[in-house]
Amino acid sequence: MDHSAEFRRWKAQSLSRADLSRKGSVDEDAAEVVELLNSREEFFTTSSCAGRILLLDGSTDGSGVQKQHCCWMLVTHKPCGKDDVMAALKGATSNAVLKFEPFILHVQCRTLQDAQTLHSVAIDSGFRNSGITVGKRGKTMLVL
């Protein structure tokens with residue numbers, strides 16, 4: 001199978017699946033860029049987050065925050081105030097961790113050249129920590 005046909009198959013499979021995030025949908029503030037990228041033949045998004053604030057109740061092994069093994073007391077993709085955090089803290093049973101996770105987007109690209117073009121746009125737009133990964137099976141991913 002040629003790489004272009006394989007990419008189209010990966011894209012069709014990815015876009016036909018339900019959103020697997022805890023929220024179950026693309027964040028409203030990321031939807032426009034996700035839709036734009038997914039409408040282009042050379043790209044599709046595999047995951048995204050518009051940025052969020054988390055308040056987590058403890059970690060199971062003491063080695064830091066591990067999202068799968070802790071209680072999410074507060075999660076919001078919008079600004080929140082002190083009262084929101086204080087109300088959520090009332091449910092804490094151990095040390096709580098307040099975390100900010102910025103915007104992130106994973107984009108599978110048809111070719112390395114497509115990834116390099118989008119990477120340049122990302123860098124020029126202020127996403128300094130963006131990067132490209134090329135997998136063994138030829139999957140080219142851009143993370144910004």
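## Hairpin of strands 6 and 7

Strand 6 and strand 7 form a hairpin in which five residues lie between them, and glycine 138 in the turn has a positive phi of about 95 degrees. The model is predicted, with pLDDT of at least 70 needed for local features and 80 or more for side-chain atom pairs, while totals for chains, interfaces and linings use all residues. Residues are numbered from 1 along each chain as its sequence is written, and side-chain values use heavy atoms, leaving out hydrogens and water.

Strand 6 and strand 7 (residues 140–143) run antiparallel and are joined by four bridges; pairing requires at least two DSSP bridges between two strands. Within this pairing, threonine 133 stands opposite methionine 141 in strand 7. Strands are DSSP runs (E, at least two residues) and helices are likewise DSSP runs (H or I, at least four), numbered from the N terminus.

Three strands form an open sheet in the order 3-2-4, with antiparallel pairing. Strand 3 (71–76) and strand 4 (96–101) stand at the edges with a single partner strand each, so one side of each is left without a neighbour in the sheet.

Five bridges pair strand 2 (residues 52–57) with strand 3 in the antiparallel sense, and leucine 54 stands opposite valine 75 in strand 3. Helix 3 (residues 82–89) packs on the sheet, touching strand 2, strand 3 and strand 4, where contact means heavy atoms within 4.5 Å.

Technical notes. Axes fitted to C-alpha atoms, helices over the stretch in contact; angles between N-to-C directions.
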